[in-house]
Amino acid sequence: MKDIEPPSEETLLNNILPSYDMFKSTISLELEPSDENYTVDPPTYDDHTMTPVTSARESETPDAEVLVDDYSGSAENNLQETILANMDNLPSLKGNAKSDGLDVKISFTETVGQVGIKPVMTDISAREFKQGDFLHGYVTIKNTTEEAIKFDMVYVLFDGVVALNTDTSPNKHTFLTMVDLFASWSYANIDRLVTDKGDPHDWCPGEIDPYDGTSLSIDARRLFQPGVTYKRFFTFKIPQKLLDNTCEKSLPQHAELCPTLGINRDEVPVSMLLSSSRVRDLAMVNSFLSYSVSAIIIGRASNFGVDTVNDKYVIVNRKNAPIRLLPEPAYFDYDANIHYQAFVSSIEELIKPDFSSSMSQETLKVKQLYHQRNLEKSGYYQCVEPFKKKTLTGSSNMGIITMSSKKTEYCINYTPPNHGLKSKMIIPIEIRYSGTSQTPIIKKVEVELVAMTIQSKRHPIPIEFTNEMLFNDQEILSNPVTNNFDTIIIGKFNKYLQKMSQAVKAGAKIEYSIYRDVKTLASLSTKYINLSVPDIEFYQDDTNLKLNSMPWESNENDLVTKFSIAMDLNKCTLKGVNNTVKGLDKITLVPTFQSCYVSRMYYIKVTVKTNGATLVLNLPLRIER
């Protein structure tokens, strides 16, 4: 008999708003335990009048006016004091006989789970998800003890969390929370699938899945019965983006989904992600950005033999199933530099900084000579150095030498772990020498792919980073160690912060939000990982050349050489490990992204060593899925 293709997820799933009872008993459950007695049956309804018959719970249905006012008006404020908004702050029970007696498992299926149908299981650890993908599966909870266990809430969530490694303690922020109201516990009984024909006023006690004998409904008195395995089907659809209010600064890029970065090793064994391969994504130590489906059981401390001054809610049991998310890129048709320049202008108006004295005399001389000789090139990244000849008594300036490359953002496709791809790139380079009759000699050219991670220690990053903020058009006397984001942005805002602190001490009134934003940018943490790019080749007019045979031409009293560097970035290697890791199938460079707390940027670092100067040029690189 030919198998019948199951209905699609879109057509099979119901798409409804949560009922008032679902909202009150799941989403808005308050932090402080109430005196509700849930050991008795819930209210019953008369079939003809549909009015509640009062039971020992003395529950009553609110009228329509109250429902609308409470749900839409005060809900946002109430959420600030709810369990869902403070999940990470609830204490967890460990080593408790009752909590350990609850065996919680999360299983994933290829399609929507249905009663009585054998599921097709799937291994999510070997997959990478994107926006719009579905996560299907079910949670099972088995009470392995010999007595009933009371609980207050069961949540089934899909969430995104970022953890920042600070000097004091881990700082966690939940930026995405989706609740499956059908899988989570509530008094309401609403059809999950379009094929369901359930009674909304029937809590379906004793309903069994004939396929595996699991109980599909949890006791309305909120009791896990001994020896019983409960099953709750779930489905999540990964959203296209985060809610607009996720970013308090309303920055569009910060409302986009970010890729999974780093691993929470306290909860997730490395072996669970992408099967046998260790994901080396170059994240900061003890920091991570992760997504997972979670099953969380919450109860009162007193019901688990824990003495507290005031009875508190605790996490009785929690099971996380991580997924690896690699979103597709979003494109923006606006200029983030406008916001940044306005932000900088407002700061400088307050403090009126003067940083000209910080420039060294040598830099001033080279810069003056550089402008006098009209070597500036618009639309190019340039590096300028004095060309010096070494002598027995020291060194003497012979002129200046510049390296430039056309201003562009290079782009390569993301390489999934264990998938070898080619990422060939050609970078045009021009070197111009202005000085004595000596012809420079190019001794060595090195290319590195640099992964730069930016992290805020505590507060949201108030700007979106652009290439104009990260890469200077002209680098005069550039230093390979400091010519990076740390000097261009962090160093700049450190000076702003010092000036601002001096102004406050002198009696100036500065808004706290502006001061906090400046301090946030001045306190950013960065991590640079340089990957060596081997086997580079040099071309001039499509002819392969050696460095020592690179021809120079006379141009307006200067000597100029132009050549292209050809490379395959997927051959890059990670330095500083016992066994050198080679290739982007082993080094996972997640797509470029920015969020409120963490950003990952990339650039190509080209170093040219001559007999009189070392030139360094940083060129922006974007990695996209």
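What covers the buried residues of helix H10? In this predicted model, the cover includes helix H6, residues 336-351, and helix H9, residues 485-505. Helix H10 itself runs from residue 512 to residue 522, and its buried residues are Ile514, Arg516, Asp517, Val518, Thr520, Leu521 and Ala522.

The setting of this helix is the protein chain as a whole, whose secondary structure comprises ten helices and 27 strands. Of the 625 residues in the chain, 49% are buried. Among contacts in the chain with a separation of 6 or more, 76% join residues 24 or more positions apart. The chain exposes about 31,700 Å², and carbon and sulfur atoms supply 48% of that area.

A single residue illustrates a contact across the sequence. Ser107 belongs to strand S3, which spans residues 102-109. Its relative accessible area is 19%, and Ser107 therefore counts as buried, the cut-off being under 20%. Beyond its neighbours within four places in sequence, Ser107 is in contact with Met121, His136, Gly137, Tyr138 and Phe234. One of these partners, Tyr138, is 31 residues from Ser107 in sequence, yet the two C-alpha atoms are 5.5 Å apart in space.

The largest share, three residues, comes from S6. By class, the lining of this cavity has nine nonpolar and three polar residues, and no charged residues.

In an unreviewed entry, UniProt lists residues 434-528 and 586-624 for "domain: Bul1 C-terminal". The span 586-624 is 67% strand and 0% helix, and its end C-alpha atoms lie 17 Å apart.

Terms used:
Residues are numbered from 1 along each chain as its sequence is written. This is a predicted model: local features need pLDDT of at least 70, side-chain atom pairs count only at pLDDT 80 or more; totals for chains, interfaces and linings use all residues. Side-chain values use heavy atoms; hydrogens and water are left out. Buried means under 20% relative accessible area, exposed over 50%, partly exposed in between (1.4 Å probe, protein chains only). Helices (H or I, at least four residues) and strands (E, at least two) are DSSP runs, numbered from the N terminus. Contact means heavy atoms within 4.5 Å. Ala, Val, Leu, Ile, Met, Phe, Trp, Tyr, Cys and Pro count as nonpolar, Asp, Glu, Lys and Arg as charged, and the others, Gly among them, as polar. Accessible areas come from the Shrake-Rupley method with a 1.4 Å probe; for residues, only the protein chains shown count as cover. UniProt positions are given in the numbering used here, feature names are shortened, and annotations may be inferred rather than shown by experiment.
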